[in-house]
Amino acid sequence: MIVVEVNNRQSRLPIDSARLAEVVRSVLVGEGRAEGQVSLAIVDGPSMHELNRRHLAHDYPTDVLSFVLEQTDDLLEGEIIVSADEALLNAPRFELAPAAELTLYAIHGALHLCGYDDLDEAAATVMRSRERHWLAAHGLPTT
């Protein structure tokens, strides 16, 4: 069983914690993970900026961070951190509701935990395809 714990650490965007947990769980199970525990934190822009600076030496905020803490054939433990401020900033540009944009970030982070990456063009193409699959599976726009 996959357990997803949601921790909302911001107040600008209303969060449906149960829905986000279910989306992350379905991605992990659908991508072949059967056992594990994942924390999903929703943070503000300054917090994301600090996390990027501390963990990746990037002096700017991003939309999502993910960290595999432990992974074996049978177990996955990890963290996904998504930025509500980035979702609020980017959603209008893509003509999405901020909650849908934030859900995309959660899906993206879950896919990273499953081993997908987007560091080169070929890998990014596969990642985008899986994102569209999971967005559609949850009734969200895939544009």
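Predicted model: local features only at pLDDT ≥ 70, side-chain atom pairs only at ≥ 80, totals over all residues.
I started with the largest nonpolar core: 33 residues, of which V24, L28, L40, I80, V82 and L102 touch the most other members. By nonpolar core I mean buried Ala, Val, Leu, Ile, Met, Phe, Trp, Tyr and Cys residues joined through side-chain atoms within 4.5 Å, with buried set at under 20% relative accessible area (1.4 Å probe, protein chains only).

Next I looked up which elements give two or more residues to this core: β1 (2-8), α1 (17-30), β2 (36-43), β4 (76-83), α3 (84-90), α4 (98-113) and α5 (121-137). The largest share, nine residues, comes from α4. Helices here are DSSP runs of H or I with at least four residues, strands are E runs of at least two, and both are numbered from the N terminus.

Numbering runs from 1 along each chain as its sequence is written, and side-chain values use heavy atoms, without hydrogens or water.

I then checked L102. Leaving out residues up to four places away in sequence, L102 touches L13, I15, L20, I42, V82, S83, A84 and A87; contact means heavy atoms within 4.5 Å.

Zooming out, I read the chain as β-α-β-α-β-β-α-α-α, with five helices and four strands. I also noted that 42% of the 143 residues count as buried. Of the contacts with a separation of 6 or more, 59% come from residues 24 or more positions apart.

Definitions and conventions:
Buried < 20%, exposed > 50% of the residue type's maximum accessible area, 1.4 Å probe, protein only.
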